[in-house]
Amino acid sequence: MVYTYIEEFINDLCFKLDIYEPHHLDMFTIAKKLNINIVYRESNFSFSIENDIILVKSTIQQEWQNFCHELGHRLRHVGQQLKMHYLFRDLQEYQAENFAYHFCVPTFMLEKIENLTAYKIAILFNVEYEFASKRLEMYERKVLNERFYSQAW
């Protein structure tokens, strides 16, 4: 399978952090390895600032998904979003959300699983069913596109 830039970035990150299986995807271990503090605050939204990722207390699945979203910002973006043009801020939000889908449920791990279902992804990767369903759709679209383009040539 040909990986996108974000998939390659996440593969490299996972291997550097010794993450090879779904049960290795633990936000507290990852944060410790990356020298990031996880802080819980009563707020309406999660965010990151300096070496802290601020999370809103929620379900384990939602906290994991929010952590990955904020980690995407932390690893790939610089600057103060509040001072940015709204279109650039929207782009960063899209990129962070895409990062979260791919880091919560890495492609290289999905490739190893037979008979993929959203339910199986939700359980194995500890994400919400809706999140798992969208990630499965993304993965299946990628597989179909690769099959189509490989046959076209």
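Which residues does leucine 116 touch, not counting residues up to four places away in sequence? This and other points are taken up in the legends below, which describe close-up views of a predicted model.

**View 1. Leucine 116 and its contacts.** Leucine 116, which lies in the loop between helix 5 and helix 6, touches Leu110, Ile121, Leu136 and Tyr139 when residues up to four places away in sequence are not counted. Serine 133 stands 17 residues from leucine 116 in sequence, and the C-alpha atoms of the two are 10 Å apart in space.

**View 2. Glutamate 111 in the loop between helix 5 and helix 6.** Glutamate 111 is placed in this loop, and its relative accessible area of 34% makes it partly exposed. Once its neighbours within four places in sequence are left aside, glutamate 111 is in contact with Met1, Tyr3 and Tyr139.

**View 3. Asparagine 115, a residue with positive phi.** The loop between helix 5 (107-110) and helix 6 (118-125) also holds asparagine 115. Its phi is near 55 degrees, which is a positive value in a residue other than glycine. Asparagine 115 has a relative accessibility of 64% and therefore counts as exposed, since exposed means over 50%.

View 4. Aspartate 18 is found in the loop between helix 1 and helix 2 (27-33), and it has a positive phi of about 60 degrees although it is not a glycine. With a relative accessibility of 46%, aspartate 18 counts as partly exposed. Histidine 23 is placed in the loop between helix 1 and helix 2 as well, and at 63% relative accessibility it counts as exposed. Between histidine 23 and arginine 76 there are 53 residues of separation in sequence and 24 Å in space, C-alpha to C-alpha.

**View 5. Helix 3 and its buried residues.** Helix 3 has 17 residues, which at 1.5 Å a residue should span 24 Å, and its end C-alpha atoms are 24 Å apart, in agreement with that expectation. The buried residues of this helix are Glu63, Trp64, Gln65, Phe67, Cys68, His69, Glu70, Leu71, Gly72 and His73. Glutamine 62, also in helix 3, is partly exposed, with a relative accessible area of 22%. Glutamine 62 is 76 residues from methionine 138 in sequence, and 19 Å separate the two in space, C-alpha to C-alpha.

**View 6. The crossing of helix 3 and helix 4.** Two packed helices are described by the angle between their axes and the distance between the axes. Here the axes of helix 3 (residues 60-76) and helix 4 (residues 86-104) come within 8 Å and cross at roughly 120 degrees, and the two helices are therefore oblique to each other. The crossing is right-handed. On the side of helix 3, the residues that meet helix 4 are Trp64, Gln65, Cys68, His69, Leu71, Gly72, His73, Leu75 and Arg76, and their partners in helix 4 are Gln92, Glu93, Gln95, Ala96, Glu97, Phe99, Ala100, Phe103 and Cys104. Sorted by class, this contact has nine nonpolar, six polar and three charged residues.

**View 7. Helix 4 and its packing with helix 1.** Helix 4 has 19 residues and reaches 26 Å from its first C-alpha to its last, which is close to the 27 Å expected at 1.5 Å a residue. Its buried residues are Gln92, Ala96, Asn98, Phe99, Ala100, Tyr101, His102, Phe103 and Cys104. Helix 1 (residues 5-16) packs with helix 4 at an angle of about 50 degrees, and the axes of the two are 10 Å apart; helix 1 and helix 4 are therefore oblique to each other. Helix 1 passes helix 4 in a right-handed crossing. Ile6, Glu7, Phe9, Ile10, Leu13 and Cys14 of helix 1 make this contact together with Asn98, Phe99, His102 and Phe103 of helix 4. By class, the contact of helix 1 with helix 4 has seven nonpolar, two polar and one charged residues.

Note on methods. Residues are numbered from 1 along each chain as its sequence is written. This is a predicted model: local features need pLDDT of at least 70, side-chain atom pairs count only at pLDDT 80 or more; totals for chains, interfaces and linings use all residues. Side-chain values use heavy atoms; hydrogens and water are left out. Axes are lines fitted to C-alpha atoms, for helices over the stretch in contact, and angles run from 0 to 180 degrees between N-to-C directions. Helices (H or I, at least four residues) and strands (E, at least two) are DSSP runs, numbered from the N terminus. Angles under 35 degrees count as roughly parallel, over 145 as roughly antiparallel, 65 to 115 as roughly perpendicular and the rest as oblique. A crossing is left-handed if the near helix is turned anticlockwise from the far one by less than a right angle, and right-handed if clockwise. Contact means heavy atoms within 4.5 Å. Ala, Val, Leu, Ile, Met, Phe, Trp, Tyr, Cys and Pro count as nonpolar, Asp, Glu, Lys and Arg as charged, and the others, Gly among them, as polar. The expected span of a helix is 1.5 Å times one less than its number of residues. Buried means under 20% relative accessible area, exposed over 50%, partly exposed in between (1.4 Å probe, protein chains only).
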